[in-house]
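Look at the model below and follow the chain from one end to the other. Then we will walk through a few of its parts.

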Amino acid sequence: MSGFGASSIPAWWLRLALAVSVVGLGGCSGGELARKDRDVRASWAALQAADGMAIELAGRVATAWRRTPDERYSGDHLKTLTAMNRSEDIDLSDAHEVGRYAAARSRMIAYLRETAETLASPASAGLAWKFRRLRHECTAALVRADNAARLYNDSVWARNRELGSRAANVAKALLFPGRREFALLDTIENRQRPQRR
């Protein structure tokens with residue numbers, strides 16, 4: 001009886017000491033990393049919501065605003081972006097997947113921007129009056145899309161910096177094994193931003 005109690009006490013103390021060391025060494029940094037991870041996922045969801053509204057608007061613009069056939073927005077690009085936007089399987093740590101989404105997204109945004117510019121200076125005042133609401137919707141969609149991309153990139157930048165910091169090394173090894181950096185959306189602002197060391 002006493003032999004059983006004597007042999008189980010050291011193992012119990014060992015488990016307790018290990019748990020205390022994990023919390024003590026990596027707890028604070030691990031909590032910060034988890035918070036920044038949630039921030040990235042929330043900003044990605046907000047980005048997809050903003051893009052969803054822009055996709056719906058681009059579809060309406062493609063049918064309402066008649067240009068020459070080669071200038072109209074490609075339905076295939078819109079279908080691809082719609083499918084990607086509705087998918088919950090995009091791996092944010094896969095730069096190729098995020099890059100594909102960013103490329104499809106940039107084509108849609110360029111189309112909406114060109115439409116807003118065209119409608120802002122049309123050939124006739126009657127046309128400007130007729131499509132004034134569509135122009136305002138395009139402008140609002142562009143503002144939403146730009147803000148959502150900026151917020152996503154900022155949260156990814158902060159999370160990747162935390163993941164690469166020395167303070168997070170213990171937490172990363174013990175609490176978040178296999179955690180990788182998330183990919184930034186490929187924007188002009190991102191290309192001009194200095195690289196993290």
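Start where helix H3 begins: a side-chain oxygen of Asp-94 comes within 3.0 Å of the backbone nitrogen of His-96. Helices here are DSSP runs of H or I with at least four residues, strands are runs of E with at least two, and both are numbered from the N terminus. This is a predicted model, in which local features need pLDDT of at least 70, side-chain atom pairs count only at pLDDT 80 or more, and totals for chains, interfaces and linings use all residues. Residues are numbered from 1 along each chain as its sequence is written, and side-chain values use heavy atoms, with hydrogens and water left out.

H3 has 26 residues. From first C-alpha to last, H3 reaches 36 Å, close to the 38 Å expected at 1.5 Å a residue. That expected span is 1.5 Å times one less than the number of residues. Several H3 residues are buried, including Tyr-101, Arg-105, Met-108, Ile-109, Leu-112 and Ala-116. Buried means under 20% relative accessible area, exposed over 50%, and partly exposed in between, with a 1.4 Å probe and protein chains only. An α-helix has 3.6 residues a turn, so residues three or four places apart point the same way.

What does H3 pack against? Helix H3 (residues 95-120) packs with helix H5 (residues 132-164) at an angle of about 145°, and their axes are 9 Å apart. Axes are lines fitted to C-alpha atoms, for helices over the stretch in contact, and angles run from 0 to 180 degrees between N-to-C directions. Among the residues making the contact are Ile-109, Leu-112 and Ala-116 of H3, and Leu-134, Cys-138 and Leu-142 of H5. Contact means heavy atoms within 4.5 Å.

Move along H5 to Ser-155. Ser-155 counts as buried because its relative accessible area is 12%. Its side chain makes a polar contact with the side chain of Ser-43, at 2.8 Å. A polar contact is a pair of N or O atoms within 3.5 Å; within protein, one must be able to donate a hydrogen and the other to accept it, and residues adjacent in sequence count only if both atoms are side-chain atoms.

Lys-36 is in helix H1 (residues 2-64). Is Lys-36 buried or exposed? Lys-36 counts as buried because its relative accessibility is 14%. Leaving aside neighbours within four places in sequence, Lys-36 is in contact with Ala-158, Arg-159 and Glu-162.

Now step back. The protein has seven helices and zero strands.
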